[in-house]
Amino acid sequence: MLKINNLHANIEDKSILKGINLEVKPGEVHAIMGPNGSGKSTLASVIAGKEEYEVTEGNIVFEGEDIEELAAEERAHKGVFLSFQYPVEIPGVSVTNFMKTAINESRKAKGLDDMPAKDMLKLIREKSELLEIDRKFLSRSLNEGFSGGEKKRNEIFQMAMLEPKLAILDETDSGLDIDALRIVANGVNKLKSKDNAVVVITHYQRLLDHIVPDYVHVLYNGKIVKSGSKELAHELEAKGYDWIKEEVGA
Amino acid sequence: MDLKEKLVSSFLAFENSVDIDAYAHDVRTDAIKIFEEKGFPSKKEEAWKYTSLNSILKEDYSVFPKQENALEYPQVKKYFIHDIDTYKIIFIDGKYSSHLSQTTHDGIDVCLMSAALSKPKYQLIIENYFNKAAEKDSLTSLNTAFSSEGAYIHIPKNKIVEKPIQIIHFSTGNESATMLQPRNLVVVDENSHVQIIERHQSLTGNPVLTNSVTEIFANKRAIVDYYKIQNDNENASLIDNTFINQKRESLASVHTFAFGGKLTRNNLNFYQNGERIDSTLKGITIIGDKQHVDHNTLVHHIEPNCESHQDYKGIFDDKSTGVFNGKVVVEKEAQKTNAFQANNNILISDKASINTKPQLEIFADDVKCSHGCTIGQLDESAMFYMRSRGIPEKEAKALLMFAFSNNVLESVKIPELKQRITKIIANKLGVNIGFDL
């Protein structure tokens, strides 16, 4: 599904990603862990198509197609979804209207007509129940004045609405209390299937107790320096990252 | 002969040609003297520092319509708010079109200025109100000197006018260049409520200059909502002078939607002559190309316990230029005044510009006055967020701009009008998505 080959990326001439290799197959869950500043969020943004980053070497292949030249919306239409670490507040645009626009634009790109209003309402009701989201919440301005937990829940609600093939969850667990974490993880698990894949970016083991990864990768200094099974996440939780830094430094 | 000379020398001929009572004659004669003395404003005047009339004054305007032109309703239907029942006062090249209009004398007067100025039954109202709110600046005086036609609306006390009133000025471009000077008078008596929608629309590419004056009197506890749609073509310029005189406990609002025209100058003046008055001034400006829109507002707080709310949003693309000059005066007696002013702008292009200037003159010591202006670009992180969810760049931009101007749109009380404005904005932004923010 996703194949990243020797990916190098810069922001304003500062090199952040220095040769990433990663392959994600349908049905898999990958966790990417690593200390602050190692390039985790950059990797997520580059896959999603943020223009501030410049890919200087390597490529990103999604469903057999090179996507690093595509605009963010085109990647979204192909089924890439990024749950933001810091979802952006957009005053004046309601959650519902935003979702309607996003879904219909995606349909338009595929040559389909707008989703009938009735179906849209049904879908919204279904998915908001999955994430235990109050109806009133949906008419509020997108992310404006939402608590940290509400923002993250709203991200997964959008993911549920858009049904992406590849979902990248960038520190979705930060700012969540234990109940919200359970709701979010439960939502992600319900959306998982043999045809889609999830990449979870996190510092901590606790989200991975709920969304169990098939593979764990450690990103350090712009490179994946270690990969393993879910046991690696436990090891990192117990020992921190210093031993990895030493291993790499050695 | 330049335009000023042409206008001054035309005055006598004009004055002999119109039906007038003695009062109006005196007012007009005084007014032409003021215009002759002051002439057109230049950039040397503080209030005109950022708006030059030079480029539009050089046209050889025909100052009197020579012939009457007819328009059929289907040709111009799209400029009407046609999905609801309304009164209509329609002018074509400055002349009243009975064919397109729907006026009334049934309990209220929704009719013509020419009738009000000439018929004895209106004499008392004319003497009490005509030219009583208008300033004596040169452009208003020029309009006063030539005032003969426009809308005349009088709502006696305790009437809620259910149907909005549309005033539309069409110009057909029959003359190579046309100057129009409509004059509107709106008097709303105690406890009455009226909604008015005004539009100026040129139908050809020939230059049009409109110097319009509207006087509005909101008497005790009256409610007046006035909406201005300015979406004219690139050869039409508008100087729109509006004066609102409010009495105690009245509510008056003016919404100005400035989406087009070559040059638009809005002089909007509120005078609060009583206690517990509420004044609302809101506007959305969305322009591009080399268009220019200047909002020049004044709220004069004269008595205690009154409020004013100003909220102007501007979006400027290409080489367009904007001006916001908002003056709030709080007199010494006007204690407990609440005056708010906000002007927020987005510059889409590097070559667009906005000059924004709040001016507060406060002589009372127990007041709440706030003002704020911002100039920014579209929020890039919001753009990426929206695009990453599949909303293309153009649509994402449009959605952000809608959201930006939404709280002004929200306060439009006529749903069909709100829909129309929404549609005009979507057209301007070149998107076809249903916004129901």
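Two strands pair if DSSP finds at least two bridges between them, and strands (E, at least two residues) and helices (H or I, at least four) are DSSP runs numbered from the N terminus. Keep that in mind as you explore this predicted model, where local features need pLDDT of at least 70, side-chain atom pairs count only at pLDDT 80 or more, and totals for chains, interfaces and linings use all residues. Residues are numbered from 1 along each chain as its sequence is written, while chains are lettered from A and ligands numbered from 1 in the order in which they are written.

**Paired strands in chain B**
- Strand E18 (residues 338-347) of chain B pairs with strand E20 (residues 368-376) of chain B in the parallel sense, over 9 bridges.
- Within that pairing, B:Ala339 stands opposite B:Cys369 in E20(B).
- E18(B) also pairs in the parallel sense with strand E16 (residues 307-316) of chain B, over 10 bridges.
- Here B:Gly314 has B:Asn345 in E18(B) as its bridge partner.

**Packed helices in chain A**
- Helix H4 (residues 117-130) of chain A packs against helix H5 (residues 148-162) of chain A at an angle of about 135 degrees, with their axes 9 Å apart (axes are lines fitted to C-alpha atoms over the stretch in contact, and angles run from 0 to 180 degrees between N-to-C directions).
- Residues making the contact include A:Leu123 of H4(A) and A:Phe157 of H5(A) (contact means C-beta atoms, placed from the backbone, within 7 Å).

**A leucine and its neighbours**
- Leaving aside neighbours within four places in sequence, B:Leu399 is in contact with A:Val93, A:Thr101, B:Met386 and B:Ile391.

Notes:
Two residues are in contact if their C-beta atoms, placed from the backbone, lie within 7 Å.
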